[in-house]
Amino acid sequence: MRAKGSFKIWMLMFMIILIMTGCTSQNQNSEQHSSLENKTESVTEKESNSSEEETAQDTEESSEIAEEIVTESDTTMEETTAMMQTGPTAPEAPIVNSVRLMAVGDNLMHLSNTMSAKQPDGSFDFTYHFQHVAPIIQQADIAVVNQECVMGGIELGIQTYPCFNTVYEVGRDLVKAGFNVILAANNHILDQGETGLQNMIRYWKTNYPDIPVLGIHDTEEDSKTIPVIEKNGIRIAMLNYTYDTNLKNGIEEKPYLVEYLEEDKIESDIKKAKEMADFIIVFPHWGEEYNDTPTPEVQELAKKMADWGADLIIGAHPHVIEPVEWIPRANDKPTLVYYSLGNFQSEQFRTEQMLGGLADVTIIKDENGDTYVLNHAMEYLVTHYQLTIPDLGYYNIVTTYPWEQYSPELAAAPHGIISKDPTFSYEKLDQIRTNMMSRCQ
Ligand SMILES: [Zn+2]
């Protein structure tokens, strides 16, 4: 118990330092590690030399210190993101590297999402759309967004449901907000055929060659590589698949264009990834739309992915948040699963679809070379859209707020969703959020 107590303090101290420094370079992490080690040693020494009475006192002191740390950590985190939950795996050796990964759900670009960015001179600027979440996103080493529609460019026209298309500038402004990994395997990616997909890939390769766009490929050659990102000395493989595409234009002739959720392919990709990476993340586009509970098929596939070697699974597509859970593994540390993060931004029609999740995960590598999740959180986000220019034909204000910045006043501004879902209110959003928090591990 004592060892566990000092371990806890050690971990909490590590978390504080992570928060204060923002988990930066390998060198900085090594320095953090050595100062942490000193603190841990002094606590351990003190405990081992104590008599029973002293030990009791020390334990009390330790828990006081821990409480202080938790309080301090709480305050810092409130300013930034939700409270971190400690994962089931305590570090088995000193921590040498860490990566803070964040992910958001579907950036589903209806007419209002794109048109509200249009400027008087005809250009597009999405800065306002992402500016409230940008300060959080920018704290991540890796920030992932699911671009739930093709960015085929203005030359293909701005299109809304059912065959979406948006402009390239959304990519530029997602990057400006801090996102540096784009998920593209989703059911709308072939809405504009191969042309839309190729336009999107060309835009990213030309303008942001260092930003991985996952789950789609312009050539067969490109489809043979396993994407691995190295950050702070941790190699992370990232795999993205979709259950299907609504349209299949061109896919018969070129099956490599989109990564589909096929079990044999996933298993073989994960096995290849294990040779190349310390940690494997799968981003499946899966599940049942508008269902806040993962289907039995999704749960079964998550278990299989975990057994094949996925360490973290972050799902998208249902447009509502689904719970977070740990899947135990016989011969490895448990796998963390966010079944669905809901919508990041959309112009959908129900209160539930306005509430999105932001996964915040700290991945660590210890001195034994093991890499696993130290802690995780879910921040809640609210899509707000509003009409302030009568008869415009689309909502001219569209943005996403962190939960802490949303308010009853904003909800009553009024949120444009009220015309589609009259039951919408701040209180209802809060109920859905509180209920989901109780269902997340
Ligand atoms: Zn989808």
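Student: Which conventions apply?

Tutor: This is a predicted model, in which local features need pLDDT of at least 70 and side-chain atom pairs count only at pLDDT 80 or more, while totals for chains, interfaces and linings use all residues. Residues are numbered from 1 along each chain as its sequence is written. Helices (H or I, at least four residues) and strands (E, at least two) are DSSP runs, numbered from the N terminus.

Student: How many residues has helix α10, and what length does it reach?

Tutor: The expected span of a helix is 1.5 Å times one less than its number of residues. Helix α10, residues 263-276, has 14 residues, and the distance from its first C-alpha to its last is 20 Å, close to the expected 20 Å.

Student: Which residues of α10 are buried?

Tutor: A residue is buried if 20 or more other C-beta atoms lie within 10 Å of its own, exposed if 12 or fewer, and partly exposed in between, with C-beta atoms placed from the backbone. In α10 the buried residues are Ile266, Asp269, Ile270 and Ala273. They lie on the same side of α10, because they cover an arc of only 100 degrees around the axis; the arc is that of the directions from the helix axis to the C-beta atoms. An α-helix has 3.6 residues a turn, so residues three or four places apart point the same way. On the face of α10 turned away from the buried side are the exposed residues Asp264, Ser268 and Glu275.

Student: What covers the buried residues of α10?

Tutor: Two residues are in contact if their C-beta atoms, placed from the backbone, lie within 7 Å. The cover of the buried residues of α10 includes β7 (234-242), β8 (279-285) and α11 (296-308). Helix α10 lies across β6, β7 and β8, and runs at about 170 degrees to β7. For such angles, axes are lines fitted to C-alpha atoms, for helices over the stretch in contact, and angles run from 0 to 180 degrees between N-to-C directions.

Student: Which residues of α11 are buried, and against what do they pack?

Tutor: Val298, Leu301, Ala302, Met305 and Ala306 are buried in α11. Seen down the axis, the buried residues of α11 fall within an arc of 140 degrees, so they line one face of the helix. They pack against α10, β8, β9, β10 and β11. The face of α11 turned away from this buried side carries the exposed residues Pro296, Glu297 and Glu300. After α11 comes Gly309, with a positive phi near 135 degrees.

Student: In what order do the six strands of the open sheet stand?

Tutor: Two strands pair if DSSP finds at least two bridges between them. The order is β6-β7-β8-β9-β11-β10, and the pairing is mixed. β6 (228-231) and β10 (321-327) stand at the edges with a single partner strand each, so one side of each is left without a neighbour in the sheet. From one strand to the next, the twist averages 15 degrees. Within this order, β9 (residues 312-314) and β11 (residues 335-341) pair in the parallel sense over three bridges, and Ile314 has Tyr338 in β11 as its bridge partner.

Student: Which strands pair with β13?

Tutor: Strand β2 (residues 95-107) pairs with β13 in the antiparallel sense over nine bridges, with Val99 opposite Ile363 in β13. β13 and β14 (residues 371-386) also pair in the antiparallel sense, over eleven bridges, and Ile364 has Tyr372 in β14 as its bridge partner. In β13 (residues 355-366), eleven of the twelve residues are buried. The hairpin of β13 and β14 has four residues between the strands, and Gly369 there takes a positive phi near 90 degrees.

Student: Where do cis peptide bonds occur?

Tutor: One joins Tyr161 and Pro162, with omega about 5 degrees; Pro162 lies in the loop between β3 (142-146) and α7 (169-177). Another joins Ala413 and Pro414, with omega about 10 degrees.

Student: Is Asn232, with its positive phi, buried or exposed?

Tutor: Asn232 is not a glycine, yet has a positive phi of about 50 degrees. Asn232 is buried, with 22 other C-beta atoms within 10 Å, and is found in the loop between β6 and β7. Asp391, also a residue other than glycine, has a positive phi near 60 degrees, but Asp391 is exposed, with 5 other C-beta atoms within 10 Å.
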